[in-house]
Amino acid sequence: MSVAAGGGRAAPAQAAVFLDRDGTIILNDGDLGDPDRVELLPHAASGVRLLRDAGYRLVVVTNQGGVARGRYDEAAVLATHDRLERVLRQATGLDRVIDAFYFCPFHPEGTVERYRREHHWRKPQPGMLLAAAGEHGLDLARSWMVGDQERDAAAGAAAGCRSVRLGSASAASVADFFAPDLHAAARRIVHEDTPRVSAGVVTLHASESGSLADRAIRSALEASARALAERTGVRLVSLEWTGDQVTATVEGAEVIALGFAAEWRRSTSAWWRSRGESGSLWAGA
Ligand SMILES: [Mg+2]
């Protein structure tokens, strides 16, 4: 067991969405090293806003081979990212949008010698995602990569993330999903990560035909079901009365419905006897 300095527990790793930059958040007109030419793509701001509101950390991971090709320098990349963050803050109304920017300035065919090489940060390799996960405490298995190129989806898969590729579906892709733009990708991610609510259903049958037809008896039984649900913390979705039976639907696994029904049966049977009725209310043991 590892314990963080100070004796406290380490903060749990967080889910992130790794975002490609060019063609995903901003217009891709080739290598961009000019902050004044930053232009958000349609639905990009609403997409990052949705992801932020859903609690994801946001990390930009971008190949910047333009540095290796001598078209602009690393300082220009940093200035472009500062500008992008400001534009996103303005467009979303948030105080902070992107938690961290990672870029890879290397390219094996670069013209600037110090950048002319392959590098494990260059997508489709997952180096930037792995570095960000280590530095920011991110849970890669709960994280996503979104980008417009296959190398983005491949980097995500190599890092153990799920991925959404922007554009039309292609059979050859390793992406988990396709989406037309960043907002649609964000909606897909939030949808996939929202726990599905399961429901348990159980039916009780009246022992005597017609006993559930009495409105006063039905409403007393219904009141006891709601009181029981409240007392036990079970969410009662519905009670459906059909002829001589009632079907209860509760949120959660089937076993919760069975437990709820058993307790409801027991308490209403006692109530039935206390009325001096002969016989039992429910069929079965
Ligand atoms: Mg791109």
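The model is a predicted one, in which local features need pLDDT of at least 70 and side-chain atom pairs count only at pLDDT 80 or more, while totals for chains, interfaces and linings use all residues. Residues are numbered from 1 along each chain as its sequence is written.

The radius of gyration of the chain is 29 Å, whereas a compact globule of 285 residues would have one near 19 Å (taken over C-alpha atoms, with a globule rule of 2.2 Å times the number of residues to the power 0.38). Along the principal axes, the C-alpha atoms fill a box of roughly 95 × 45 × 40 Å. The secondary structure comprises eight helices and nine strands (DSSP runs of H or I with at least four residues, and of E with at least two, numbered from the N terminus).

Helix α6 makes a handy close-up. Its 12 residues, 182-193, reach 16 Å from first to last C-alpha, close to the expected 16 Å (1.5 Å times one less than the number of residues). Leu-182, His-183, Ala-185, Ala-186 and Ile-189 are the buried residues of α6. They lie on the same side of α6 because their arc around the axis is only 160 degrees, as given by the directions from the helix axis to the C-beta atoms. His-191 and Glu-192, on the other side of α6, are exposed. The buried residues of α6 pack against β1 (16-19), α1 (44-53), β4 (144-147), β5 (162-166) and β6 (177-179).

Conventions: Buried ≥ 20, exposed ≤ 12 C-beta atoms within 10 Å, placed from the backbone. Contact = placed C-beta atoms within 7 Å.
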